[in-house]
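This report describes how the parts of a protein model are arranged and how they touch one another. The sequence and the structure are shown first.

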Amino acid sequence: MAEEEDERIQQEATADVDEAVVYAEAAASPAAEDALLNVFAEA
Amino acid sequence: MAEKTLIQGVREALAEEMERDERVWVLGEDVGRKGGVFLATEGLYDRFGEARVLDTPLAESSIVGVAIGAAMNGTIPVAEIQFADFIHPAFDQIVSEAARIRYRSNGDFGCPIVIRAPFGGGVHGGLYHSQSVEAFYAHVPGLKVVIPSTPEDTKGLLKSAIRDPDPVMFFEHKKTYRLIKGEIPEGDYLTPIGKAAVRREGDRMSVFAWGLMVHYCLQAAEELERDGIEVEVVDVRTITPLDKETILRSVEKTARAMVVHEDNLTGGFGAEISAIIAEEAFEHLDAPVVRVAAPDIPAMPFNKPQEDFFLPGPERIAAAMRKLAAY
């Protein structure tokens with residue numbers, strides 16, 4: 001792999017992670033009782 | 001209707017579900033040409049072909065891992081573990097992966113697999129062909145644990161398990177495979193997961209059991225009937241989800257409760273049922289809840305005297321019933 005290609009992939013990955021962190025930190029925390037959901041399909 | 005064996009119930013359920021839905025397939029050690037070590041899958045290879053009846057290497061972790069991956073890609077695998085004693089290498093796949101896929105994906109993905117395994121003793125299987133493992137899996141949210149005791153329930157519950165969107169552990173008592181006979185309704189029917197069955201009505205005490213122990217409890221109850229003591233025997237059928245309603249209703253009627261299982265006593269599922277009764281029906285009890293179970297030793301011994309010592313039988317159960325009735 002060329003050095004430029006490697007650099008591009010790393011920058012894209014870093015940007016994706018940074019974007020996800022911003023999104024997650026801006027989002028409301030889930031309700032505590034929602035921890036009980038999705039144990040089974042009918043939940 | 002003709003009487004059939006419990007293993008025929010397994011076979012009919014698998015064949016009918018594979019016929020009904022081409023996404024259903026089976027995998028496991030010797031399930032193909034041989035038809036399984038207990039012949040539970042006999043005839044499926046010839047009928048449905050190698051692609052849907054897959055012989056696997058002797059690698060339980062891989063059997064379950066492959067099943068999980070296939071389930072997440074839209075198929076419905078029924079994995080056979082040749083003996084429940086051999087399921088432990090797959091424990092991580094079952095507990096860490098199958099049970100958690102729906103939860104960890106926030107409901108985006110499910111894991112519709114069935115893992116069948118013969119369990120239990122009384123057939124001189126010794127230390128490595130006799131274990132009862134239901135309590136390990138009952139402890140894991142995300143798994144359903146089903147244990148049929150009759151041919152009719154075996155077929156109906158296995159069909160329900162195959163159609164269930166979540167992972168189901170389906171334990172079949174190997175001694176009941178050909179010992180227990182009964183009618184199996186023709187055609188398609190489902191026995192609901194999560195519903196216990198009252199096998200015998202009584203007013204003196206409630207006895208809760210599953211698998212082979214249901215039949216031993218019924219034998220013991222017949223013996224006590226001769227003394228005028230009427231015992232109610234409840235076949236729990238599904239350990240999780242547990243039918244607490246039927247259990248508590250029975251205890252409220254009889255005021256005495258006993259749980260019988262052939263897993264060893266400490267940490268067995270009888271402890272959970274006992275705790276539920278103590279927490280939710282204490283005011284109805286006239287006596288402490290009694291557990292009849294195997295002793296706390298590492299495995300079922302091979303020699304007959306010690307196997308008999310390990311496995312609760314009708315005589316031991318009847319003695320415990322008499323003692324509870326006299327409390």
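Domain bounds, as used here, come from an automatic or database domain assignment. On that basis chain B is divided into domain 1 (3–183) and domain 2 (197–326). The model is predicted: local features need pLDDT of at least 70, side-chain atom pairs count only at pLDDT 80 or more, and totals for chains, interfaces and linings use all residues. Residues are numbered from 1 along each chain as its sequence is written, and chains are lettered from A and ligands numbered from 1 in the order in which they are written.

**Contacts between chains and domains**

Two residues are in contact if their C-beta atoms, placed from the backbone, lie within 7 Å. Four residues of chain A are in contact with nine residues of chain B. The side of chain A that touches chain B has three nonpolar, one polar and no charged residues; here Ala, Val, Leu, Ile, Met, Phe, Trp, Tyr, Cys and Pro count as nonpolar, Asp, Glu, Lys and Arg as charged, and the others, Gly among them, as polar.

Within chain B, the C-alpha centres of domain 1 and domain 2 lie 26 Å apart. Between these domains of chain B, 25 residues of domain 1 are in contact with 22 residues of domain 2. On the domain 1 side of chain B, α6 (134–138), β6 (144–146) and α7 (151–163) each supply at least two of the residues that touch domain 2. That side divides into 10 nonpolar, 11 polar and four charged residues. Helices (H or I, at least four residues) and strands (E, at least two) are DSSP runs, numbered from the N terminus.

**Sheets of chain B**

Two strands pair if DSSP finds at least two bridges between them.

B:V145 has B:M169 in β7(B) as its bridge partner. Axes are lines fitted to C-alpha atoms, for helices over the stretch in contact, and angles run from 0 to 180 degrees between N-to-C directions.

B:S206 stands opposite B:A257 in β13(B).

**Helix pairs of chain B**

The axes of α1 (residues 6–20) of chain B and α7(B) come within 8 Å and cross at roughly 30°. Therefore α1(B) is roughly parallel to α7(B); angles under 35 degrees count as roughly parallel, over 145 as roughly antiparallel, 65 to 115 as roughly perpendicular and the rest as oblique. Residues of α1(B) in this contact include B:L6 and B:V10, and those of α7(B) include B:L158 and B:I162. The contact of α1(B) with α7(B) comprises six nonpolar, three polar and six charged residues.

The axes of α10 (residues 244–254) and α11 (residues 269–280) of chain B come within 11 Å and cross at roughly 60°, so α10(B) is oblique to α11(B).
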